[in-house]
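Subject: Structure for your files, with notes

Dear colleague,

Here is the structure for you to look over. My notes follow below it.

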Amino acid sequence: MKNLNPLRGRLSTFRWRTRLTLWGAAACAGLAVVAFTRLTDLALKTFFDLYNFHPGLPFPWMPFVTAPLAGMLAVWLTRKFFPGGQGSGIPQVIAATHLAARGESVSGLVSLRIACGKIVVGSMALLGGFSAGREGPSVQVAASILHFSHRFLPHARAIAPADLILAGGAAGIAAAFNTPLAGIVFAVEELGKRLEAKTTGILVGTIILSGLVAIALEGNYYHFGRMKISQFTEIVGPVLFYGMACGVLGGVFSRLLLWPQQQPNFILWRWRSARPVLFAGGCGLLIALVGWLGGGLSFGSGYAVSSSLLSSDALSAPWHAPVTRFVATVITYYSGIPGGIFAPCLAVGAAIGASTSAILGFGAEAVPVTALCMAAFLAAVTQSPITAAIIVMEMLDGHEMVISLMAVTLIAKAVSGRVSPELYQQLALGFIAQQRAQTAAAKLAAEPVPAPEAQSGPEPGPDQPPRKEANRQ
């Protein structure tokens, strides 16, 4: 029995080194998400301070300058220094999870370089007024940090890289929204599609630690405040109507985002590929124009708009609020800047509910209708109904609406699935093909070039006939 003591000691050291590495990476992921949150808040505050500096002017010129400049600079920096950091970040994490599970390279999808670019350049885009969020990019940031920590494990097989990427992505959602349960469901429903017993422990531990760091620095808050529901008796009608309506609109939204991938030879996308920086500048001008026409409701991530619509101002949303936010978010995605769609989609849903509840006779129940539409539109776009319902429930402390939120998201997902394929999964296929092409090109470039065969004697001159081979005997 004494001979087993050294073995037990080594096993205990191995386990504790693994745990400490994982805990440290989870804490760093939480810190990175908090830093990203504060930087985006500063960017949004700066933009709106400049935008509202001269509210009496008949023509607010500032967004027409800042949006094109910010868009062009963001796209140039992303393509030059942070390739792989464009867009939401969730499709990249899904692609990295699949590739890592097969032992393939994921360096172009998750890395510390991409994480830093996502934070800095994503905040810069918000400084220009683009309709983008930080929640989706937080998934890629946290996944990149967890994947980087794999090299510090005591053994390469201690934890699979795919499990670290999945756990990091879930921790990013949990820390960004302060919704730990939604992080776990998001990992199952969107990132991994399945979980093993070993992965579950890693996932929960990572979410808890990164969430604790975020709470320690930001406080235990509700993303949109605490919603109070007095009575919500007419539930069947709003759930059915808004589930189907948001399902159709969310499916159209997803179909529009998939347009460049499904029809890359369209003239607009060929021009974007040839002149990406100029194209981003044009998108910035459109963002400024849509924001000016909509009274500024489409600028930024949509957090302030959603918070206002869930308060006593729920009946004050104009009819064009969902339209301008919808259009601005699509244009923002087309520009190629690093930015997510979670918060803008929640803002679109909130505007749909707040602008139509009175017209449809739900004026006295505008706040719960707004919450239903937020969950329904997000579920229709992502086609992850349970994640959308839990995110809205945890953000609002709306546990009284759990059944209605589940019902409306399931309806919206079913309708959206008839209009468009799964957005993130389809986008991930493009990133998988792109990463494999980059890996193949890198391997080809690394192969040694064969030396030319040596020839005896001088080469024949231009006026000399070529040498003939000797006749075989």
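The side chains of K45 and D49 form a salt bridge, with N and O 2.9 Å apart; the term is used for a side-chain nitrogen of Lys or Arg within 4 Å of a carboxyl oxygen of Asp or Glu. Both residues sit in helix 1 (residues 4-51), and because they are four residues apart there, about one helical turn separates them. Helices (H or I, at least four residues) and strands (E, at least two) are DSSP runs, numbered from the N terminus. K45 is exposed at 53% relative accessibility, while D49 is partly exposed at 41%. For these classes, buried means under 20% relative accessible area, exposed over 50%, and partly exposed in between (1.4 Å probe, protein chains only).

The model is a predicted one, so local features are reported only at pLDDT of at least 70 and side-chain atom pairs only at pLDDT 80 or more, whereas totals for chains, interfaces and linings use all residues. Residues are numbered from 1 along each chain as its sequence is written, and side-chain values use heavy atoms, with hydrogens and water left out.

The salt-bridge count by this rule is two. The other pair is R436 with E104, whose closest N and O atoms are also 2.9 Å apart. This pair links distant parts of the chain: R436 belongs to helix 18 (residues 423-446) and E104 to the loop between helix 3 (90-101) and helix 4, 332 residues away. R436 is partly exposed at 39% relative accessibility, and E104 is partly exposed at 29%. In general, side chains of opposite charge can pair when their charged atoms come close.

Helix 18 also contains I432, which is buried with a relative accessible area of 12%. Not counting residues up to four places away in sequence, I432 touches A95, H98 and L99, where a contact means heavy atoms within 4.5 Å. From I432 to L99 the C-alpha distance is 7.3 Å, across 333 residues of sequence.

P421 is in the loop between helix 17 (402-419) and helix 18. With a relative accessible area of 25%, P421 is partly exposed. Leaving out residues up to four places away, P421 touches R255, L258, Q262, Q383 and Q426.

Q383, one of the residues touched by P421, is in the loop between helix 15 (366-382) and helix 16 (385-396). Q383 is buried, with a relative accessible area of 7%. Its phi is near 55°, a positive value in a residue other than glycine.

S131 is in the loop between helix 4 (112-127) and helix 5 (135-148) and is buried at 1% relative accessibility. The side chains of S131 and R325 make a polar contact at 2.8 Å. That term covers a pair of N or O atoms within 3.5 Å; within protein, one must be able to donate a hydrogen and the other to accept it, and residues adjacent in sequence count only if both atoms are side-chain atoms. Apart from neighbours within four places in sequence, the contacts of S131 are S298, G300, R325, A328, T329, T332, G340 and P344.

I267 is in helix 10 and is exposed at 59% relative accessibility.

As for the chain as a whole, the secondary structure comes to 18 helices and zero strands. Of its 473 residues, 51% count as buried. Among contacts with a separation of 6 or more, 81% are between residues 24 or more positions apart. The chain exposes about 22100 Å², of which carbon and sulfur atoms supply 65%; areas come from the Shrake-Rupley method with a 1.4 Å probe, and for residues only the protein chains shown count as cover.

Finally, confidence. The average pLDDT (the predictor's confidence in each residue, from 0 to 100) is 83, and 81% of the residues score at least 70. Residues 467-473 have pLDDT below 50, and this stretch has five contacts in the model beyond near neighbours in sequence.

Regards
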